[in-house]
Structures are given as structure tokens and as C-alpha cells.
Amino acid sequence: MSRKTTNLNKPSPATNPHGLATTRASTQPQLPPYIGYFAIGYVLASALFMLIQTKLALNAQLVTVLSIILAAYIAVSKFVKHQQRALYKDEINRLMLGGIMVVWLLTGLYFLALWFLLFDDISREVLLAMAKQQPLPLLSALVMIVVLSLVSARISIWAFNRLLDPAPKTL
């Protein structure tokens, strides 16, 4: 007669009654739609601020930060509305990086469209000569605006996530 060993391990709390895994990673929503909401919010806010700038002079960095804040509000509010919960920390990081990557992709496409459709040969030569003579200020300005957009996106997504959390934690 053979003996069977009994399994003394308790079932994992990450399994449902049918024994299937239900970890947080397997139930995470897909973030690309919310990155799309972030991009749409950024484009709409940028267009709105471009219209405002025809009447009122605004700082370019201020416009970027305000556009990112509005985009973060739209993305987080859509996420909370659809998922009925707040974002997890890793989802905040993925939304921030994905949103900023899409924003800078759109900015690059915008610059390329200006370069090929709006600038003439003389304007292109002037810009290239300026970039060759003093590349460090242009490069440092680019790094600073990328860092500013990353920081403002992270802070605004975190703040709106805390503000719009449907189930705030009590102490």
C-alpha cells in the first residue's frame, strides 16, 4: 500500500475558488487608452493655450506645465471613472512615462512639420548655423524642458490620483 503525502500548504490568497491566479498583475487594466487620453488632453490644452497666447503673452514653460496638468487630470479621471479605483504606483509610473513619450513624439512631429512645411531654405540655414555655433544652450534647454515635463507629469498624476481616489484610506 502506497502512502500519499498530504498537502499542508494553505491555498494561496492570490487564487480564486477555482484555483486560477488572480494577482494584481493579471487583473491590471491596459494603460494605452489612458495614455491616449493623456495625449488628447495635452493636444487640446496646447491648442487652447496657443489661442490664449494670441491675446496674452505666456511663458512657454508655464504653457507646457499647464498643458501637462490638464492632460494628467483627463487621464486620471478617465481611469478612476472606468476602473473604480485609484492608480497603483507602477501604473502611475507607466502612465507618466508613456504620456510624456507620446507628448514628445507629437512635439517632434510638430517640429518636423514646421521644418518642412513652414520654414524656407534661409530659415533652415539660420537655425542650423545657430545650433552649430552654440549647441550647449539648446541642448541644456531641451534637457530642462524634458525634466520639467517629467516632474510636472509625475506630480500632477500623483496629486489627481490622490484627489480623485474613490475609496480614500482612513487612518
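Good morning. Of the 171 residues in the protein chain, 26% are buried, that is, under 20% relative accessible area with a 1.4 Å probe, counting protein chains only. This is a predicted model, in which local features need pLDDT of at least 70, side-chain atom pairs count only at pLDDT 80 or more, and totals for chains, interfaces and linings use all residues. Residues are numbered from 1 along each chain as its sequence is written, and side-chain values use heavy atoms, with hydrogens and water left out.

The protein chain has five helices and zero strands; helices here are DSSP runs of H or I with at least four residues, strands are E runs of at least two, and both are numbered from the N terminus. The accessible surface of the chain is about 12,400 Å², and carbon and sulfur atoms account for 69% of that area, by the Shrake-Rupley method with a 1.4 Å probe.

I turn now to one pair of helices. Helix α1, residues 32-53, packs against helix α3, residues 89-118, at an angle of about 45°, and their axes lie 9 Å apart. The axes are lines fitted to C-alpha atoms over the stretch in contact, with angles from 0 to 180 degrees between N-to-C directions.

Which residues meet? Among them are Tyr 34, Phe 38 and Met 50 in α1, and Arg 94, Gly 98 and Tyr 110 in α3, where contact means heavy atoms within 4.5 Å. Thank you.

Technical notes
Buried < 20%, exposed > 50% of the residue type's maximum accessible area, 1.4 Å probe, protein only.
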